[in-house]
Amino acid sequence: MSDSSSVSQADSGAYVSDEVTVIDPLVVLDGVDVRVGSMQILRDVNLEVKAGEIVGLFGSNGAGKTTALRLIATLIRPAQGVGTVLGADLSAPERYDVRRKIGMIGHVPGTFPELSLLENLEYAARVAGVPIDRAKDALAAVGLAAASDRLAGASSHGMQRRTEFARELMIDRSLLLLDEPHSALDRDAVDLVEGLIERKAAEGGAVIVVSHDRDRINAIAHRSVELVGGTLS
Amino acid sequence: MNVQTRIRRWPWVAIVLAITVAFVLSMVSPKDDVQGELVRIMYIHVPAAWLAYVAFFVTFLGSLTYLLTKNLKWDRIAAASAEIGVFFTGLTLALGMIWGKSTWGVWWTWDARLTLTAIMFFVYLGYLALRRTTDDPISRASRASVLGVLGAVQIPIVHFSVVWWRTLHQPPSLVRPDGPAIQESLMLVALIVGVLAFTVVYVSAMVKRIELIHLEDRRIEIEHSIDRPVAGDSVVVPELGAKT
Amino acid sequence: MTTGFWHQVEAVVHRDLLRERRRGDVLWVTIPFGALALLLVPLAIGTDASMLRDIGVGMYWVIVMLFGVLVAVGKASRETLPQQDASSLLGLDPAAGFVGRTMSSAILLLAFEAVVGVVAVGLYNIEIIGVGWLVLTLFIVAIGLALLGTLTAGIVNSTSTGIALVPLLVAPLSVPLLLGATQSYDGLRYGNAIISWVSMMMAVVIVVSMIGVLTARPLQES
């Protein structure tokens with residue numbers, strides 16, 4: 001169950017996939033500030049993530065880790081500073097074009113509770129424009145084939161997270177942003193997630209993992225950064 | 001008095017001057033043959049209605065320009081104008097009702113203009129209510145601007161619908177809310193001066209209100225630029241688990 | 001617009017209708033509430049048969065306007081921030097999202113109009129005339145109201161007190177639909193031309209859909 005092989009690494013350091021040219025480093029944040037409403041969340045954040053890297057992101061509760069992920073996912077704009085993700089300026093409309101290459105699994109599931117696990121994936125496949133039969137395969141790959149008709153709202157948190165991992169397997173992503181990927185997952189699912197993270201990096205993508213579990217992350221990450229006082233150290 | 005103080009005071013001077021002249025003229029103008037002294041309500045009612053339309057048109061222009069330029073200045077103009085517009089629409093409706101009650105014996109008549117004014121009042125009341133729901137200036141500006149454009153684009157359609165509707169159902173002639181016929185040139189002069197005076201009030205209020213909104217935004221900006229702790233700093237190590 | 005756009009629209013319509021089918025908010029809450037309102041009116045103003053016949057059509061359309069808005073802001077068409085984020089990262093064009101949500105709301109509104117319409121005809125003894133025009137009116141109003149509801153729901157989106165604002169924002173703007181629908185019926189009844197009313201309702205549909213499609217992106221990104 002790998003469709004990410006369509007991403008071919010070129011010698012120049014930039015590689016071409018479906019429709020976007022991805023430029024290395026995949027993530028560059030230069031003195032970025034983020035405000036949400038009237039609250040200052042991030043200040044003067046600098047970060048560079050290259051293709052093939054796995055980066056751990058630590059920080060205490062409310063430090064702005066989730067906001068940092070949403071920033072890198074192009075979902076919020078920097079209030080100040082410059083940032084590019086997959087070559088797209090975070091403040092310019094070109095960021096919309098790279099979104100399909102960014103996978104994010106937040107700590108609150110983005111599944112629709114009224115839809116079954118399979119229907120959730122089929123919806124994702126339809127919107128992303130990938131063949132719809134991939135949904136079934138992806139669900140089987142995360143060990144949920146037998147539960148495919150169960151409504152997301154009636155499934156456990158862990159099952160919903162597995163479904164979201166299935167979504168990321170199904171769609172060809174260059175950058176994966178994971179918020180607490182180990183929470184609510186059992187032993188097998190953790191192995192699955194770590195396998196996915198390592199494979200994504202080996203394929204020339206990058207992964208940023210937010211976690212409180214430093215030992216786990218340090219075991220797989222190439223390096224880690226910490227959010228303190230709204231800035232990275 | 002230095003130049004700056006003088007500039008800051010001109011709106012007040014202009015308002016007082018304009019209103020005084022308009023008031024005197026409206027009082028010395030003759031009374032109406034049919035309506036008597038009541039006709040003097042017209043000198044406020046008509047200018048207020050005129051200004052309400054001008055104000056909402058400015059809100060539309062401000063909203064549209066904001067959507068095209070993303071410059072917050074235009075959103076401030078739209079917001080200030082909508083506030084003043086809602087005030088003048090409310091004034092128009094209240095005076096119209098008082099006028100109607102004393103002239104025709106009813107508070108309300110389903111005249112096209114009256115109905116349209118009432119609808120506009122609610123559209124822009126909604127606009128102001130929407131602005132209260134968001135703190136973030138950029139998010140607020142985008143949302144309010146879309147509503148500012150939608151509201152304004154719908155108004156001509158609402159206008160036509162109400163006019164056609166009234167043409168089909170003429171109200172009883174007793175309650176036809178036509179204004180008094182302007183019989184004397186002094187009445188016309190008083191009305192025109194009234195409109196001008198209210199326009200001065202509008203422009204002055206706009207200048208003040210935009211300045212105020214700008215200052216509010218500046219205050220937030222300054223608060224951000226000084227080294228204020230970020231939101232995450234409000235979470236500290238729990239004392240129970242802390243090492244002593 | 002590309003085929004990708006319409007595939008996304010289809011995905012959103014499919015999603016929202018499935019969500020509504022499982023929740024049943026419109027079927028089990030909004031529709032019975034609308035029907036109940038029609039039952040309450042005669043209790044308050046009297047049960048004279050000819051009077052009810054006279055006000056019946058007007059009452060029906062008022063109920064459609066006021067309660068129909070609730071369809072567009074129903075739970076089944078609302079999304080949480082993580083759900084929105086997920087859709088954005090799937091590459092969902094906000095305009096496709098807008099068109100899809102509008103279409104599913106319009107379908108639900110048609111169902112609302114149909115059921116409440118049968119109740120109105122029964123309770124108020126309304127005479128059905130000009131079936132072709134009537135069906136056309138029902139369609140246009142459903143689409144127009146769905147557009148206004150979806151657009152304003154998008155405008156107030158993600159604000160805590162916002163969603164309660166939608167009916168206040170939609171009601172005054174839907175006046176041309178209300179007048180168009182009621183006057184078309186009167187026109188049919190008295191043999192007057194109704195094409196101007198139908199065109200006016202169409203104008204609302206065209207104007208609001210243009211604004212909705214053009215502002216979908218800026219609204220979502222704000």
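Trainee: Which residues of helix 5 of chain A are buried?
Mentor: A:Met159, A:Gln160, A:Arg161, A:Arg162, A:Thr163, A:Glu164, A:Phe165, A:Ala166, A:Arg167, A:Glu168, A:Leu169 and A:Met170 are. Buried means 20 or more other C-beta atoms, placed from the backbone, lie within 10 Å of the residue's own. Helices are DSSP runs of H or I, at least four residues, and strands are E runs of at least two, numbered from the N terminus. This is a predicted model: local features need pLDDT of at least 70, side-chain atom pairs count only at pLDDT 80 or more, and totals for chains, interfaces and linings use all residues. Residues count from 1 along each chain as its sequence is written, with chains lettered from A and ligands numbered from 1 in written order.

Trainee: Why call helix 5 of chain A largely enclosed?
Mentor: Because 12 of its 14 residues are buried.

Trainee: What covers them?
Mentor: The cover includes strand 8, helix 3, helix 4 (134–141), strand 9 (175–179) and helix 6 (187–202) of chain A.

Trainee: New topic. How many residues do chains A and C put into their contact?
Mentor: Chain A gives 21 and chain C gives 19. Contact means C-beta atoms, placed from the backbone, within 7 Å.

Trainee: Which element of chain A gives the most there?
Mentor: Helix 3, with 6 residues.

Trainee: And chain B, how many helices and strands?
Mentor: Chain B has 6 helices and 0 strands. Of its 244 residues, 34% are buried.

Notes
Two residues are in contact if their C-beta atoms, placed from the backbone, lie within 7 Å.
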